[in-house]
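Dear colleague,

Please find below the structure that I am handing over to you, together with its sequence. My notes on what was found in it follow directly after.

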Amino acid sequence: MKHPLLTIIVLVVIALLAICVRICAKTGKMPKGKLVSYQYNRGGGMNPLDYTIFHLRYDETTKKPLLTISGDCQGEEITVEVGQEVFDRCQQLIEEHKLYRSKGYYEPLFQVLDAPSDGFVVVFEDPYSSISGSGDMPSKIYEGLGAIHKYFKSVVGDRKAEGHVDRLYDIDDIANYKWTDGKDVITLTKASTDPLKLALRKMSDEKATMEDTDKMGYERFRDGDQHYIVIYDYKYDRCRLFFTFDGKESTLRQLNQKDRNLVKALPTVVKDSDKWNVVNERFLSRTIIDNLSDTQLKQMFAAISRLTNGPYSHIVKYTDIGGVNVQLLQSELDKRKIEIENDNEQ
């Protein structure tokens, strides 16, 4: 080596710089600039659809201040326009919880394969600076992130993304309602979906009894005051939507007439699938599906939207409403023996 002394000096300088960077990171000060972006992502691992997003920023095109957070359902993202006070409060929480001391990537003690990972990035301008963290972050940092996310949720409130509704996992109170699919009316005397399951099974097997309903499933949703239960018959590949109403025959006639009028207002043939946006906005009743022509049925099925936002948009994922409707329409297509090229399932 021609210049050993110079090499030693360079190595010493590099080592000192590395030490200084660590010391500065640990004793860093709150950035003086204006907060323009906060982003937190958590995802990956065994379940690629299970991801979390909190994103505060100014839209690149419109320059509007926007906040996006993950909803209660997988794949749901809610975006709202916010005021400057949201940026100010976020910056205040960052300072209160000393997130500016984050040193970036934290090496975990143990590597867990197929586990989700998370991280955050905050960007300031005038002057430019940033804060970031990922890996096995300390609990103090998670406390600060949690405070920010709790605040973001309070800003969004009970708003939901289009096509998403509340998903319920219990059936404790379903006996308090009268249920219909638009034709049959069923009053449940106890907290059990078995009568609804039997009604669906009888569409494929008229001799079916309650004992034949053990290998069937259900999903339950709520949209405001309206409750829905979707029954699945895995044996015959059928599904059926039931919804609550007041039990009056006059009410049912009005609901069915409203749905028939909706079908009459739909175009016979369209090239623009956006004109079928009803399929992504509301659950399709049996009355609607029964009154669709074969062509309308195929076009409505093709118009159901997949989720295309988020880090895992290559995986087929529908909104709550779209996910139910795609199965309801597929069941009717099978019943009518209509074959179509199902791009939604590719």
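Glutamate 249 and arginine 253 are both part of helix H5, 4 residues apart, or about one turn of the helix. Helices (H or I, at least four residues) and strands (E, at least two) are DSSP runs, numbered from the N terminus. An α-helix has 3.6 residues a turn, so residues three or four places apart point the same way. The side chains of glutamate 249 and arginine 253 form a salt bridge, at 3.3 Å from N to O. A salt bridge here is a side-chain nitrogen of Lys or Arg within 4 Å of a carboxyl oxygen of Asp or Glu. Glutamate 249 counts as exposed, at 60% relative accessibility. The terms for accessibility are buried (under 20% relative accessible area), exposed (over 50%) and partly exposed (in between), with a 1.4 Å probe and protein chains only.

The model is a predicted one, in which local features need pLDDT of at least 70 and side-chain atom pairs count only at pLDDT 80 or more, while totals for chains, interfaces and linings use all residues. Residues are numbered from 1 along each chain as its sequence is written, and side-chain values use heavy atoms, with hydrogens and water left out.

Confidence

The predictor's confidence in each residue is given as pLDDT, from 0 to 100. Its mean over the chain is 85, and 84% of the residues reach 70 or more. Over residues 6-27 pLDDT stays under 50, and the model has 5 contacts (heavy atoms within 4.5 Å) beyond four places in sequence for them. Where pLDDT is low, the predicted coordinates should not be read in detail.

Further salt bridges

A search of the whole structure finds 18 salt bridges. One of them joins aspartate 233 to arginine 201, with the closest N and O atoms 2.7 Å apart. This pair links distant parts of the chain, since aspartate 233 belongs to strand S12 (residues 226-233) and arginine 201 to helix H4 (residues 194-201), 32 residues apart. Aspartate 233 counts as buried at 1% relative accessibility, and arginine 201 counts as buried at 5%.

Arginine 201 also meets tyrosine 236, which lies in the loop between S12 and S13. The C-alpha atoms of tyrosine 236 and arginine 201 are separated by 8.2 Å, although the two residues are 35 apart along the chain. Leaving aside residues up to four places away in sequence, tyrosine 236 touches Arg201, Ser204 and Asp205. Tyrosine 236 is partly exposed, with a relative accessible area of 28%.

Another salt bridge connects lysine 160 and aspartate 166, whose closest N and O atoms are 3.4 Å apart. Lysine 160 is partly exposed at 26% relative accessible area, and aspartate 166 is partly exposed at 25%.

Cavities

How many cavities of 30 Å³ or more does a search of the whole structure find? The search finds 2. A cavity is a set of points, on a 1 Å grid over the protein atoms alone, where a 1.4 Å probe fits but cannot get out; lining residues have an atom within 4 Å of a point. Grid points are joined across faces, edges and corners, and a volume is the space filled by probe spheres set on the points. The largest cavity has a volume of about 210 Å³. It is lined by 15 residues, of which Met203, Cys239, Arg240, Arg286 and Glu332 are the closest to its centre. Strand S13 (238-245), helix H7 (286-290) and H9 are the elements that give two or more residues to this lining.

Helix H8

In helix H8 (residues 294-302), the buried residues include Gln296, Leu297, Gln299, Met300 and Phe301. Their cover includes helix H5 (249-265), helix H6 (278-281) and helix H9 (320-335).

Backbone

Most residues other than glycine have a negative phi, and most peptide bonds are trans. The peptide bond from aspartate 126 to proline 127 is cis, with omega near 0°. Proline 127 lies in the loop between strand S6 (117-125) and strand S7 (129-135). Aspartate 126, not a glycine, has a positive phi of about 60°, and it counts as exposed at 71% relative accessibility.

With kind regards

Technical notes: 1 Å grid on protein atoms, 1.4 Å probe; cavity = no way out; pocket = protein on both sides within 12 Å on 5 of 7 lines; lining within 4 Å.
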